[in-house]
Amino acid sequence: MARRKSQFATRDRVRVRRLLTGIGPQAQQEVLAAYQRHAPAILAQARSEVPSRTGKLRAALNYKIFPKTLRLRV
C-alpha cells in the first residue's frame with residue numbers, strides 16, 4: 001500500500017515550526033487551547049478514515065499534545 005503524501009510540505013512545516021517557537025507565552029496558551037478544542041474532531045476524522053475489520057486499530061487511535069514544542073500528534 002502506498003503512503004499518502006502529507007498535507008503539508010516539508011518547507012511549510014519548517015516555517016510553521018519557526019513561527020511557533022518565536023511567539024510569546026500568551027500566544028502559546030492560545031495555541032494549546034486551540035489544540036484542546038480541535039483535537040477530538042481531528043481524532044474523529046482519523047478514526048473515520050481507518051480501515052476496520054476488528055476495530056482494534058480504530059480503538060487504538062489517540063491524540064497527544066506536546067506543550068513545549070506546540071505539537072499535536074494523532
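**View 1. A60 sits in helix α3, which covers residues 56–60.** Helices here are DSSP runs of H or I with at least four residues, strands are E runs of at least two, and both are numbered from the N terminus. This is a predicted model, where local features need pLDDT of at least 70, side-chain atom pairs count only at pLDDT 80 or more, and totals for chains, interfaces and linings use all residues. Residues are numbered from 1 along each chain as its sequence is written, and side-chain values use heavy atoms, with hydrogens and water left out. Is A60 buried or exposed? With a relative accessibility of 59%, A60 counts as exposed. The labels work like this: buried is under 20% relative accessible area, exposed is over 50%, and partly exposed is in between, using a 1.4 Å probe and protein chains only. Look also for R47: its C-alpha atom is 9.4 Å from that of A60, and the two residues are 13 apart along the chain.

**View 2. L57 is another residue of helix α3.** L57 is exposed too, at 52% relative accessibility. Which residues does L57 touch, not counting those up to four places away in sequence? They are V50 and P51, where a contact means heavy atoms within 4.5 Å. R47 turns up again here, 10 residues from L57 along the chain and 8.6 Å away between C-alpha atoms.

**View 3. Q36 belongs to helix α2, residues 25–49.** Q36 is partly exposed, with 49% of relative accessible area. Setting aside neighbours within four places in sequence, Q36 has contacts with Y63 and I65. I65 is 29 residues away from Q36 in sequence, yet their C-alpha atoms are 8.0 Å apart in space.

**View 4. D12 and R15 join their side chains in a salt bridge.** The N to O distance is 3.9 Å; for this label, a side-chain nitrogen of Lys or Arg has to be within 4 Å of a carboxyl oxygen of Asp or Glu. Side chains of opposite charge can pair when their charged atoms come close. How are D12 and R15 placed in helix α1? They are three residues apart, so about one helical turn separates them. Both partners are partly exposed: D12 has a relative accessibility of 33%, and R15 has 47%. Searching the whole structure turns up one salt bridge.

**View 5. R13, R17, K64, R71 and R73 form a positive surface patch.** Helix α1 (10–21) and strand β2 are the elements that give two or more residues to this patch. Patch members have over 30% relative accessible area and no salt bridge; like charges are joined within 9 Å, and nonpolar side chains (Val, Leu, Ile, Met, Phe, Trp, Tyr) within 5 Å. Lys and Arg count as positive, Asp and Glu as negative, while His and the chain ends are not counted. Each charge is placed at NZ of Lys, CZ of Arg, CG of Asp or CD of Glu. Take R73 as one of the members: R73 is found in strand β2 and is partly exposed, with 48% relative accessible area.

**View 6. L70 lies in the loop between β1 (64–66) and β2 (71–73).** What is the phi of L70? It is positive, about 55 degrees, although L70 is not a glycine. Most residues other than glycine have a negative phi. L70 is also buried, with a relative accessibility of 4%.

**View 7. Stepping back, the protein chain has three helices and two strands.** From the N terminus, the elements run α-α-α-β-β. Of the 74 residues in the protein chain, 12% are buried. Among contacts between residues at least 6 apart in sequence, 43% join residues at least 24 apart. The accessible surface comes to about 6800 Å², with 54% belonging to carbon and sulfur atoms. Accessible areas come from the Shrake-Rupley method with a 1.4 Å probe, and for residues only the protein chains shown count as cover.
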